[in-house]
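Open the model in your viewer and keep the selection panel handy. We'll go stop by stop, picking residues and looking at what sits around them.

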Amino acid sequence: MQLLNASGCLDALTAPAVARAFDGFVTKTITPLPREGNPPVRIAETAAGMLNSIGLANAGRERFLAEVLPHLRELGLPLWVSVGGFSAEDYAETCARLEDVTIELNLSCPNVDEAPESAAEIVAACRAETSLPIFAKLSPANWDIA
């Protein structure tokens, strides 16, 4: 069994000691182009926990690969890169650029437009581009799991 953080819930470069307490680190979801995400207020605390609607805010694929990923590798942890997109091609292009990581396909973000392809088509497109381990993060709210 491995203990991993949830994607986007920890900035490992700001809190490396916290990140190293896990068995691996899962990145914030990366999309091909930078995204500002949803306008604030994006996080609300409740008696039962926290709700969020971040909207996949991220620096984009090129900046992630050039600036963020090299620093994350310095943590010495197995890395899981959370990949997002708005088409199967978006997901597959990012997967093709990754090396020596595990891939999480974020197919579960309810507060952004989803790709027109099915989850199966996205996974197949990504598998055709990489032999890295792939896990699909699914939500019953968005996909027909069966």
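## Stop one: a helix pair

Start with α3 and α4, which are roughly parallel to each other, because angles under 35 degrees count as roughly parallel, over 145 as roughly antiparallel, 65 to 115 as roughly perpendicular and the rest as oblique. Before you zoom in: this is a predicted model, where local features need pLDDT of at least 70 and side-chain atom pairs count only at pLDDT 80 or more, while totals for chains, interfaces and linings use all residues. Residues are numbered from 1 along each chain as its sequence is written, and side-chain values use heavy atoms, with hydrogens and water left out.

Select residues 88-97 for α3 and 119-129 for α4: their axes come within 8 Å and cross at roughly 30°. Axes here are lines fitted to C-alpha atoms, for helices over the stretch in contact, with angles running from 0 to 180 degrees between N-to-C directions. Helices are DSSP runs (H or I, at least four residues), as are strands (E, at least two), numbered from the N terminus.

Now show side chains. On α3, pick Ala88, Tyr91, Ala92, Cys95 and Ala96; on α4, pick Glu121, Ile122, Ala125, Cys126 and Glu129; these make the contact (heavy atoms within 4.5 Å). Colour by class and you get eight nonpolar, no polar and two charged residues. For that colouring, Ala, Val, Leu, Ile, Met, Phe, Trp, Tyr, Cys and Pro count as nonpolar, Asp, Glu, Lys and Arg as charged, and the others, Gly among them, as polar.

## Stop two: the other neighbour

Select Arg61, Glu62 and Leu65 in α2, which meet Asp90, Glu93, Thr94 and Arg97 in α3. By class, this contact has one nonpolar, one polar and five charged residues.

## Stop three: into the core

Which residues touch the most other members of the largest nonpolar core? Select Leu98, Ile103 and Leu105, out of 28 residues in that core. Such a core is a set of buried Ala, Val, Leu, Ile, Met, Phe, Trp, Tyr and Cys residues joined through side-chain atoms within 4.5 Å, with buried meaning under 20% relative accessible area, exposed over 50% and partly exposed in between (1.4 Å probe, protein chains only).

α2 gives the most to this core, with four residues. Finish on Leu98: leaving out residues up to four places away in sequence, Leu98 touches Leu65, Leu69, Val81, Val83, Ile103 and Leu132.
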